[in-house]
Amino acid sequence: MFDILVIAKKIKENRCKKNLTQMQLADLLGISYQAVSNWERGNSMPDIAKWEDLANIFEVNIDEILGCNVERSNIKKYINFQKEEEGLNRIEWDELIDIVKFIEPESISKIVESKYSDNEKINIGVLQNLLPYVSEETVSILVNMVVENVNLKVIYQMAPFLKEEDLENLIKKCDFSKENEVTHICNLMPFLSLKLILDIISKYEGLFCLDDIIRIAPFSDEEIMEILIKKMDINGGMDNLIKLAPFLPQFTLENLIVESVKQGYLKGYVEFAPFIDYKKVECMLEE
């Protein structure tokens, strides 16, 4: 990793050797003097497009500013690729991730678009690492490049930063039958559309336990709850029915109460009064 304070010191030393003020260096680079000031204080680092310009102004090799490490090697490779026709497409994903914080978003987009046109695929880790540095449009391209069998836990970590469409495209690439994946999909419910929730529930309804249903309920509609409640194990589960009551269709709730009372799993139903037609339930029990 770069030592930003060491690089800050080298930029200042080389500027002083050339007898340049921060303002003069900034003018030569076409940037603000505040940017140069931030570099020399170690608050930020130059964009990758400026490294070669700095080396030329200081009349030194880039190595003398960057030091000797993997990131420096990848920056030099990137600079050389920029000079070649379609050269940026030759940079590997791990090399791009290594230096992405130094590259302008537009340049990253060009690299991604080029690789996408070549039908390259990526794992979810590449998207996760590039997400903070790219535009929404580039994120959408990267999502389309992600291979199948995506880990839902990783998607959950990225969810607040993804557009709904991109999030849903990633979720469709998941295998919900894997261990703990249902738990993670429950965590994702606040970010999903009702249509996608319905699609997932309809396809994988047998994987959701009572605790999962309780977690999903606030983000569902009556149609979704109807599907889920059919799989609910009444035996031993009625203590939690009150938690679901606000989210269930009245008719469904009334039928569940009647069934649970008849089977001895529920002794009373006064607590359900706000959600049911009390007299109707009594009539159903008398039948």
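**Helix packing and ring contacts**

In this predicted model, the axes of helix α2 (residues 22–29) and helix α3 (residues 33–41) come within 8 Å and cross at roughly 115°; axes are lines fitted to C-alpha atoms over the stretch in contact, with angles from 0 to 180 degrees between N-to-C directions. Helices are DSSP runs (H or I, at least four residues) numbered from the N terminus. The two helices α2 and α3 are therefore roughly perpendicular (65 to 115 degrees). Their crossing is right-handed, the near helix being turned clockwise from the far one by less than a right angle. Q22, M23, L25, A26 and L29 of α2 contact Y33, V36, S37, W39 and E40 of α3 (heavy atoms within 4.5 Å).

Helix α8 (residues 105–117) packs against helix α10 (residues 136–145) at about 30°, the axes lying 10 Å apart. This angle makes α8 roughly parallel to α10 (under 35 degrees). The crossing of α8 and α10 is left-handed, that is, anticlockwise. In α8, S109, V112, E113, K115 and Y116 meet T138, I141, L142, N144 and M145 of α10.

K115 also places its charged end over the ring of W93, 5.3 Å from the ring centre (NZ of Lys or CZ of Arg within 6 Å of the centre and within 35 degrees of the ring normal).

Residues are numbered from 1 along each chain as its sequence is written, and side-chain values use heavy atoms, without hydrogens and water. Local features need pLDDT of at least 70 and side-chain atom pairs pLDDT 80 or more, whereas totals for chains, interfaces and linings use all residues.

Notes:
Angles under 35 degrees count as roughly parallel, over 145 as roughly antiparallel, 65 to 115 as roughly perpendicular and the rest as oblique.
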